[in-house]
Amino acid sequence: MTEHQKARQWRLDRGLSVAQLAEISGYSPEAIYAFEKGVARTKGDDRIAPWAWQRYKNACAGLDAQIR
């Protein structure tokens with residue numbers, strides 16, 4: 001399973017819509033869609049930078065801790 005597939009599955013496993021995750025995490029719905037598709041929203045390189053993935057994972061981990 002790729003990183004972007006894992007990101008989408010994580011959200012679905014917690015019963016969150018993109019809009020809900022956006023509101024809670026501070027990421028825009030467009031950014032979440034981009035992470036879940038594995039495509040950067042900036043021009044040039046289509047891959048999401050490793051630092052951006054780590055930042056997104058940290059935000060989701062913090063959210064996970066709040067949910068529990």
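Of the 17 residues in the largest nonpolar core of this predicted model, Leu21, Ile32, Phe35 and Tyr56 touch the most other members. A nonpolar core is here a set of buried Ala, Val, Leu, Ile, Met, Phe, Trp, Tyr and Cys residues joined through side-chain atoms within 4.5 Å. Buried denotes under 20% relative accessible area, exposed over 50%, and partly exposed the range in between, with a 1.4 Å probe and protein chains only. Two or more residues of this core come from each of H1, H2, H3 and H4, and H4 gives the most, with five residues.

The model is predicted, with local features requiring pLDDT of at least 70 and side-chain atom pairs counted only at pLDDT 80 or more, while totals for chains, interfaces and linings use all residues. Residues are numbered from 1 along each chain as its sequence is written, and side-chain values use heavy atoms, leaving out hydrogens and water.

Helix H4 comprises 18 residues (50–67) and reaches 26 Å from its first C-alpha to its last, close to the 26 Å expected at 1.5 Å a residue; the expected span is 1.5 Å times one less than the number of residues. Its buried residues are Ala52, Trp53, Tyr56, Cys60, Leu63 and Asp64. They lie on the same side of H4 because they cover an arc of only 115° around the axis, the arc being that of the directions from the helix axis to the C-beta atoms. An α-helix has 3.6 residues a turn, so residues three or four places apart point the same way. On the other side of H4, Pro50, Trp51, Arg55, Ala65 and Gln66 are exposed. The buried residues of H4 pack against helix H1 (3–13), helix H2 (18–25) and helix H3 (29–37), where contact means heavy atoms within 4.5 Å.

Tyrosine 56 is buried, at a relative accessible area of 3%. Leaving aside neighbours within four places in sequence, tyrosine 56 is in contact with Ala7, Leu21, Tyr27, Ile32 and Phe35.

Rings of Phe, Tyr and Trp (its six-membered ring) pair if their centres lie within 6.5 Å, with planes under 30 degrees apart counted as stacked, over 60 as edge-to-face and the rest as tilted. By this rule there are five aromatic pairs. The ring centres of tyrosine 27 and tyrosine 56 are 5.2 Å apart and their planes stand at 80°, so this pair is edge-to-face. The pair links distant parts of the chain, 29 residues apart: tyrosine 27 is in the loop between H2 and H3, and tyrosine 56 in helix H4. Tyrosine 27 is buried as well, with a relative accessible area of 18%. Tryptophan 53 and tyrosine 56 also form an edge-to-face pair, 6.4 Å centre to centre with 75° between the planes. Both lie in helix H4, three residues apart, about one turn of the helix. Tryptophan 53 counts as buried at 12% relative accessibility. Ring pairs link Tyr27, Phe35, Trp53 and Tyr56 into a cluster.

The side chains of glutamate 36 and arginine 11 are joined by a polar contact of 2.6 Å. Such a contact is a pair of N or O atoms within 3.5 Å; within protein, one must be able to donate a hydrogen and the other to accept it, and residues adjacent in sequence count only if both atoms are side-chain atoms.

Terms used
Helices (H or I, at least four residues) and strands (E, at least two) are DSSP runs, numbered from the N terminus.
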